[in-house]
Amino acid sequence: MLIGDLKDLQRPDAIIMDIAGYINIFPETPPQTGATVEIGQRRAVIVGICYIGTSWNGLPRVYTRRSLGVAMARETLNPVTYVLAKAGQGQSPEEVSQRITSSIGLKARTRNAFMDETRTWILKYSGIAENFGITILMGVVIGIAIVGQTFYMFSVENLKQFATLKAIGIANWIILKMIMVQALFVSLIGYCLGIGVASLFFAISSTQISGGLRGMFMHPFIFMGSGVFIVLVTLLACIVSVRKVLTVDPAIVFRG
C-alpha cells in the first residue's frame with residue numbers, strides 16, 4: 001500500500017488501484033484518494049493506491065470486496081474468474097486443491113501450479129514466444145555476419161603474416177587456436193559490455209513505479225546462457241571466416 005488503508009474497502013463503492021493504472025488514467029493528477037471511475041456501469045471511488053508487479057496487458061488493476069466486484073461485472077456470464085484461498089493450519093495446499101477439485105469439480109491449483117499454467121498459456125497463446133524468438137534469431141544472424149566479416153577482414157589483412165608462420169613450420173591447428181583465443185577475448189569484452197548495459201537498464205527501469213518494466217529482473221540463467229551463446233556464435237563465425245588462412249600457400253611470402 002502506498003496511499004490509504006485496507007479498512008477503507010468497507011466504504012461504499014470503494015476500490016484500491018495500482019499506481020501504474022492510476023497514472024495512466026489520471027496522468028496530470030498526483031496520486032491521491034477520492035478520484036472516481038466507472039467500472040461495469042458502476043461508480044467506483046479510489047480509496048487507496050498500491051504497488052504491484054508489472055502487467056503484461058498494461059491495464060489498470062483494482063482490488064475491492066467480492067460483493068462489489070460481482071455487482072460491477074453483473075452483465076457477464078461468470079463474473080468471478082477465480083477465488084484466492086489460503087490453506088488452513090496443518091493442511092498442505094496440494095491436498096486442499098485436490099480436495100476442492102474432487103468435491104466440486106472446479107479447477108483448483110496451488111501457487112506454483114498456477115504460475116506454471118500462466119507461463120504456459122503466455123508462451124503458447126500470446127505470441128510472446130514467437131516475437132522473442134524472431135528477435136533472437138535476427139540477433140544471431142546479424143551477430144554471425146558482423147563477427148564473421150570482422151574476422152575475415154582480420155584474416156585477409158594479415159594473410160602474409162599467417163603465411164610466414166606456416167612457412168616456419170607452425171601448424172594450422174596452432175594458428176586456428178591463436179585466432180580462437182583472440183575471438184574468445186573479443187567475445188568476453190563484448191559480453192561484459194552488453195550484459196553490463198542490460199543490467200543497468202533493468203536496474204533503473206524496474207524501480208520506476210509507473211513504468212511498464214517495473215518489477216522485471218534478469219534471471220541468472222540469462223547471464224549464463226547469454227555468455228555461452230555469445231562464445232558459440234563468436235567461435236562459429238571465427239571458424240567460418242579463417243578458412244582462407246588455413247588454405248594459404250606459405251610460398252606467397254617469397255613472392256613479389
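Asp13, Arg42 and Arg43 are tied together in a network of salt bridges. Keep in mind that this is a predicted model.

**The Asp13 network**
- Within the network that joins Asp13, Arg42 and Arg43, the side chains of Asp13 and Arg42 pair up at 3.3 Å, N to O.
- This pair connects distant parts of the chain, with its two residues 29 apart.
- Asp13 sits in the segment before β1 (14-18), while Arg42 belongs to strand β3 (residues 42-50).
- Arg42 has a relative accessible area of 28%, so it counts as partly exposed.

**Asp8 and Arg11**
- Asp8 and Arg11 make a salt bridge through their side chains, at 3.4 Å from N to O.
- Asp8 is buried, because its relative accessibility is 17% and the cut-off for buried is under 20%.
- Arg11, on the other hand, comes out at 47% relative accessibility, so it's classed as partly exposed.

**Glu117 and Arg109**
- The side chains of Glu117 and Arg109 also form a salt bridge, with an N to O distance of 2.6 Å.
- Glu117 is partly exposed because its relative accessibility is 33%.
- Arg109 is partly exposed as well, at 39% relative accessibility.

Key:
Residues numbered from 1 in each chain as written. Predicted model: local features only at pLDDT ≥ 70, side-chain atom pairs only at ≥ 80, totals over all residues. Heavy atoms only, no water. Salt bridge = Lys/Arg side-chain N within 4 Å of Asp/Glu carboxyl O. Buried < 20%, exposed > 50% of the residue type's maximum accessible area, 1.4 Å probe, protein only. Helix = DSSP H or I, 4+ residues; strand = E, 2+ residues; numbered from the N terminus.
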